[in-house]
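Open the model in your viewer and keep the selection tool ready.

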Amino acid sequence: MDPLRLFPPLFEEGKEAAFLQSGRTLSAVPSPRDNTLAVFATTLTDAHALRASGSAYPPEQDVYTASLDLIPSSERRLFITDTSVIFAAFQNLISSTARQDTGIQRAEQTLTMMTKLALDYVNFTRECWVHASQPVKRATPLQYDANHYRSLYTCLSLFVVLYLPESSLEDAPVGEELMEWLNIHFIEPTSEEGEQLSSQDNPWEDESFWPYITRAVLRGLSNSSVFFLKSLARHPSEHLQDLAEHLSPLLESHPRITHFSTERDFVVAFRRWKERVKSIRLELDRVPEKERRDDYADWWSHFSNIVGILEGRDEIIRSICTELGGDWKEVCAAWGVYVDHRLRRQDLPDAVGHILDLMPPDPTDMEDMIHAALFSGQPGSALTHAAKLDVWLAAHLADLMEPMDLLDAEVDDESELSARQQHILAYADYLRSDPALWRITVDYFCSCGPIGKGRADEVLLRVPIRGSLGPDGAREDSTDVAERLGILKEVIKTCHEYERASTHRRVCSIAARDFLREKDYGLSISYMVYAEDWRGIGRVVDAILSEYVLHGPEDFSRSVSTVAPALQELRAHPGASGVFVHRLMFAVRYAEFHKRRLGGDLPEAATDVLAMLSEEIAPRSWWGVLLCDAVELLRADGLMLFTSFGAVQLLKKLEEVLTRSAQGSGEEYLSVLVKTMQGATEKEAIYRLKAARLVLAKYYARCTMIPIGGRDVLVSHAGI
Amino acid sequence: MAPADPVPIETSHEDMIHDAQLDYYGKRLATCSSDRTVKVFDVVDGEAQRGAGQTLKGHTGPVWQVAWAHPKYGHILASCSYDGKVFIWKEQQPPTQGWQRIKEHSLHAASVNSVSWAPHELGAILACASSDGKVSVLTFKNDGQWGADVFEAHAIGCNAVSWAPATRPGALITPTPVAPGQPAPTRPAPVKRFASAGCDNVVKIWGFSEDTQTWGEEDVLEGHTDWVRDVAWAPNIGLPRSYIATASQDKTVLIWTKDSPTAPWVKTALDPSGISPTGAPAGKFPDVVWRVSWSLAGNILAVSCGDGKVTLWKENLKGGWECVSDVTS
């Protein structure tokens with residue numbers, strides 16, 4: 001357990017008692033955004049009471065933010081993003097396999113694809129290791145050193161060797177492959193040792209000579225061992241010269257499974273080779289006791305050990321490994337090559353168990369523990385250790401393991417999660433330490449059933465899509481808006497991809513409210529429609545209508561022009577509620593009216609205002625405003641824009657407004673008119689309407705003096 | 001994994017801070033203090049922006065707690081104080097700047113110790129816990145007015161309130177995929193329910209009856225032997241059951257779980273004996289435990305103890321609780 005330490009410290013080391021005596025303690029609150037905590041010193045009681053009791057504490061009141069995880073940076077970030085691509089490909093493979101019919105051929109193809117993707121992880125970790133190993137000056141220091149990536153590389157490649165072999169090797173002896181894995185990752189003897197020995201005329205005089213050859217033989221590195229055995233042709237002992245001469249061809253002809261097309265041929269060849277090993281043992285035993293040493297070493301014992309390896313004598317292999325500083329892995333690999341050359345993958349756990357009993361892995365070395373668990377056929381245990389080494393490894397190994405039936409896919413009763421889900425959720429939780437990684441975080445969460453998807457929802461809801469307004473109410477510049485819209489669209493796309501309908505609506509709703517706050521009515525109404533927030537649409541329309549009240553018809557018409565396209569969309573929407581659509585229709589119609597009026601098309605404007613009133617498109621609260629607009633048209637110089645029937649319609653509405661207002665419904669009928677007459681009272685609004693009635697009455701009187709009631713006729717009578 | 005270095009935010013409070021809360025997006029920090037003020041800071045990458053932040057004045061006593069409302073209601077903050085009042089603040093839209101007090105709730109006769117907003121699905125509803133032993137529930141109504149229900153909850157005093165998530169645990173487990181653009185399926189009405197922690201050593205669960213339009217006591221959780229200082233109902237994101245954490249003067253933290261709506265509450269005590277250097281008895285913290293807070297997903301519990309340490313707890317796969325980290329100076 002790693003403690004989180006505050007920096008700079010709230011109190012110095014050893015001053016804990018003084019801190020507590022001052023009546024203070026520590027509190028922390030988790031952040032909803034990422035894996036940080038807000039930490040601060042506080043007290044359980046009122047600070048005044050505390051001071052009254054004589055307690056003293058420093059005046060600074062700081063709040064610390066502390067991250068629970070090391071936030072991915074530098075090469076680690078790249079590693080996370082690049083491997084997420086392989087993870088996504090793997091999810092696609094698994095889901096497409098689940099959709100298709102299963103069959104032997106299909107299963108084999110899937111396995112081949114899985115192996116390919118697993119090898120992608122292996123190769124990628126190797127590249128990271130190589131990259132991190134380069135002794136170059138870096139702009140930012142590595143977050144994880146080369147050794148960490150090497151550990152990931154060894155574990156993943158071992159997993160592939162043991163659990164994802166090529167289909168032709170699946171049931172073949174595994175020893176050779178294990179030795180190859182060991183030789184790639186844990187190189188012994190080193191090339192420096194070889195170079196140092198080869199620079200000498202009589203290398204057997206060096207104390208590392210026999211250990212070098214022994215280890216080269218143990219590792220099956222015949223080229224190296226034979227090279228130095230040849231140098232023994234110059235050794236003073238004729239016995240050794242002969243033995244070395246006989247041993248070299250034996251090492252060179254050591255049967256390797258990879259060189260045989262059938263196992264039968266391999267087994268026959270191995271049996272014959274073993275016979276030849278026996279003969280060299282006989283030759284070795286014939287060397288007289290007193291001639292078994294030279295001036296530098298007991299060459300006979302070393303030679304005997306080498307022959308013991310070839311004979312497959314387990315106790316000799318174990319003791320040599322211990323002597324040479326090797327560990328259980330080396331014994332296991334040598335076991336598969338020399339002791340039990342037909343060792344199968346399924347028999348490996350038994351053999352390894354026997355070896356591990358005598359040579360246990362290092363419990364402080366997680367890499368070693370993972371190797372041991374993988375060798376022992378304990379994938380669950382490998383994951384437990386992997387989670388301690390790096391949650392990345394545990395998550396990605398678990399993801400590979402489940403479809404291979406190495407892990408139980410059933411969910412646990414207690415946690416309602418499968419083992420794979422537990423490890424992937426832990427990794428996704430770690431990714432939350434950087435909110436900028438939200439896309440990847442969501443991908444991982446969404447691969448973990450309903451529980452993971454629930455957590456993904458919370459991440460999606462908190463992707464920063466909110467704009468900030470300047471002190472003057474101005475929005476950030478257009479680049480920022482474009483960027484924000486881009487992020488918003490990405491969030492929405494992700495919601496669609498993972499079928500997060502409810503989250504989609506909530507995100508759209510929050511965005512729509514933001515756009516409304518910023519007076520971007522067009523975007524606001526579009527997102528209200530996406531959010532199916534019909535009440536919200538009502539709020540946008542109200543805001544637009546209030547533009548008229550506050551800023552007049554020009555601003556109002558401009559605002560309406562941004563939302564007019566949404567009206568069409570809304571009408572087509574099955575869920576759109578009538579009342580809000582109706583209100584939007586009014587706003588659009590009213591803006592058209594003003595456009596015509598301001599553009600001089602008064603006859604059409606008159607038709608509009610009459611239609612809005614008589615067809616009840618306008619809400620009651622707007623009738624007063626519309627009637628006042630109509631008065632302006634009634635007064636148009638020399639124009640008779642309304643028919644007498646139209647004038648009667650206007651009068652009827654005017655009477656309704658005045659009567660209902662007198663009956664106490666003034667708020668319902670006059671509220672908007674009152675607002676447009678800045679600072680006016682309801683009484684003044686009524687007075688204005690009464691004046692309008694007079695104008696209307698006069699107009700109607702003129703209508704009665706003109707014999708025909710049609711507007712066109714009226715216009716012509718008026719001399720136009 | 002090694003933790004990152006934290007960076008302190010200077011609040012410029014003139015006296016002890018009692019609470020700090022990050023908003024929904026984790027981008028704003030509200031703090032409150034014995035200096036009778038509330039402050040709001042914009043936080044980017046763990047550091048405060050725009051200088052000293054904004055100061056909200058009006059309380060006449062130490063301010064104990066602050067709570068952010070869901071962003072769909074705008075930038076709204078509630079604060080409660082020793083002065084017996086609860087204020088609701090709203091950030092004004094430009095060009096008017098600053099925070100305006102939009103509601104003053106003064107129906108309590110003593111210090112108000114805790115405020116908590118209900119899940120946003122239920123509306124703008126705030127629960128308040130007071131030393132007068134009462135709990136009040138403020139509801140913002142469609143007509144723009146605030147309604148208030150005040151009722152007796154705990155004799156001597158009430159220390160904390162915490163709302164139950166609006167969706168039942170497990171509701172996420174039965175998915176009904178709906179393509180965006182399609183009408184959502186009818187869901188059961190969200191539940192109005194919260195827990196209160198009292199000086200009578202118990203935690204009470206309160207539920208709202210839509211029929212009688214009143215709050216009623218649904219359950220009493222007995223287990224603590226001294227004041228219950230704090231209660232925190234876990235967000236149920238992905239959790240198969242209901243979880244409540246309670247912290248007490250009796251130096252224990254209890255986790256209450258309920259497997260189904262009809263199952264009883266079952267309690268488990270956190271056991272800090274393994275991490276306590278003083279060798280405290282099993283199930284006991286070294287000092288009074290007074291604050292419990294769940295992480296967003298409800299999978300990590302932060303416990304503030306009077307010993308100057310904050311410990312972080314996680315439920316392991318076997319259903320036991322383990323301390324995963326601690327915060328120390």
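Contact here means heavy atoms within 4.5 Å. The model is predicted.

**Stop 1: the interface**

Select the residues of chain A and chain B that touch each other. By that rule, 90 residues come from chain A and 88 residues from chain B. How much area is buried between chain B and chain A? The value is about 7,800 Å², and carbon and sulfur atoms give 60% of it. Look next for charge pairs across the boundary: the count of salt bridges between chain B and chain A is zero. Polar contacts do cross the interface, in eleven residue pairs, both residues at pLDDT 80 or more.

Now colour the strands of chain B that face chain A. β1 (7-10), β2 (17-22) and β3 (28-33) each supply at least two residues to that side.

Strand β1 (residues 4-5) of chain A pairs with β25(B) in the parallel sense, over two bridges. Select A:R5 to find B:T328 of β25(B) opposite.

**Stop 2: strand β3 of chain A**

Select residues 36-43 of chain A, which form strand β3. Are its residues mostly covered or open? Mostly covered: eight of its eight residues are buried. In a regular strand, side chains alternate between the two faces of the sheet. Show the side chains of β3(A). A:T36, A:A38, A:F40 and A:T42 point one way, while A:L37, A:V39, A:A41 and A:T43 point the other way.

Strand β2 (residues 24-30) of chain A pairs with β3(A) in the antiparallel sense over seven bridges. A hairpin of five residues joins β2(A) to β3(A). Within this pairing, A:L26 stands opposite A:A41.

**Stop 3: a glycine in chain B**

Jump to B:G147, in strand β13 (residues 146-152) of chain B. B:G147 counts as buried, at 12% relative accessibility. Leaving aside residues up to four places away in sequence, B:G147 touches B:V137, B:L138, B:T139 and B:K141. For a distance check, pick B:G223, 76 residues along the chain from B:G147. The two C-alpha atoms are separated by 34 Å.

**Stop 4: salt bridges**

Side chains of opposite charge can pair when their charged atoms come close. The whole structure holds 47 salt bridges over all chains. Visit these in chain A.

- Select A:D120 and A:K116, whose side chains meet at 3.4 Å, N to O. They sit four residues apart in helix α4 (residues 104-133) of chain A, so about one helical turn separates them. A:D120 is partly exposed at 27%, and A:K116 is partly exposed at 44%.
- Select A:R292 and A:E289, with a salt bridge of 3.3 Å, N to O. A:R292 is buried at 11% relative accessibility, whereas A:E289 is exposed at 64%.
- Select A:E311 and A:R313, where the closest N and O atoms are 3.1 Å apart. A:R313 is partly exposed, at 34%.
- Finish on A:D171, A:E263, A:R342 and A:R344, which are linked in a network of salt bridges.

Note on methods:
Residues are numbered from 1 along each chain as its sequence is written. Chains are lettered from A and ligands numbered from 1 in the order in which they are written. This is a predicted model: local features need pLDDT of at least 70, side-chain atom pairs count only at pLDDT 80 or more; totals for chains, interfaces and linings use all residues. Side-chain values use heavy atoms; hydrogens and water are left out. A salt bridge is a side-chain nitrogen of Lys or Arg within 4 Å of a carboxyl oxygen of Asp or Glu. Buried means under 20% relative accessible area, exposed over 50%, partly exposed in between (1.4 Å probe, protein chains only). Buried area is the accessible area (1.4 Å probe) that two parts lose on being put together, summed over both. A polar contact is a pair of N or O atoms within 3.5 Å; within protein, one must be able to donate a hydrogen and the other to accept it, and residues adjacent in sequence count only if both atoms are side-chain atoms. Two strands pair if DSSP finds at least two bridges between them.
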